[in-house]
Amino acid sequence: MATKLFNDLVFRHMVELTSSDCIFCSTQERETGRVRLYLIFDNHGQIYSRNGLKGTWVEVKDQDEYVTVRDAYTSARHQGTVPRYSA
């Protein structure tokens, strides 16, 4: 189910948080227009998504969602077309 929901995940912005060793990413689902926020830790491999209703970050444990986000992130990073900032 997650693969269908995240099939067309487009990365819009990336902010490298050097002191936290992670990347803050703003994404949008192409089909629904829904915006999703992620924290991606390159060194640890963990990914967290923002739960706006609860005001918390939740680790992505669903394998389909994890692979989809990781693959889309890797692709966006290598293409170099997504604005990337450092903080």
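Where does aspartate 21 lie? You'll find aspartate 21 in the loop between strand 1 and strand 2; strands here are DSSP runs of E with at least two residues, helices are runs of H or I with at least four, and both are numbered from the N terminus. Before going on, note that this is a predicted model, where local features need pLDDT of at least 70, side-chain atom pairs count only at pLDDT 80 or more, and totals for chains, interfaces and linings use all residues. Residues are numbered from 1 along each chain as its sequence is written, and side-chain values use heavy atoms, with hydrogens and water left out.

Aspartate 21 has a phi near 60°, which is positive even though the residue isn't a glycine. Its relative accessibility is 36%, so aspartate 21 counts as partly exposed (buried is under 20% relative accessible area, exposed is over 50%, and partly exposed is in between, using a 1.4 Å probe and protein chains only). The hairpin has 4 residues between its strands.

Now follow the strands themselves. Strand 1 (residues 9–17) and strand 2 (residues 22–29) run antiparallel and share 8 bridges; two strands pair if DSSP finds at least two bridges between them.

Next, look inside. In soluble globular proteins, nonpolar side chains tend to be buried together. Here the largest nonpolar core has 14 residues, and Phe11, Met14, Cys25, Tyr38, Ile40, Val69 and Tyr73 have the most contacts inside it. (Such a core is a set of buried Ala, Val, Leu, Ile, Met, Phe, Trp, Tyr and Cys residues joined through side-chain atoms within 4.5 Å.) Strand 1, strand 2, strand 3 and helix 2 (63–79) each give two or more residues to this core, with helix 2 giving the largest share, 4 residues. Which residues does tyrosine 73 touch, leaving aside neighbours within four places in sequence? Tyrosine 73 is in contact (heavy atoms within 4.5 Å) with Phe11, Met14, Ile23, Cys25, Ile40 and Asp42.
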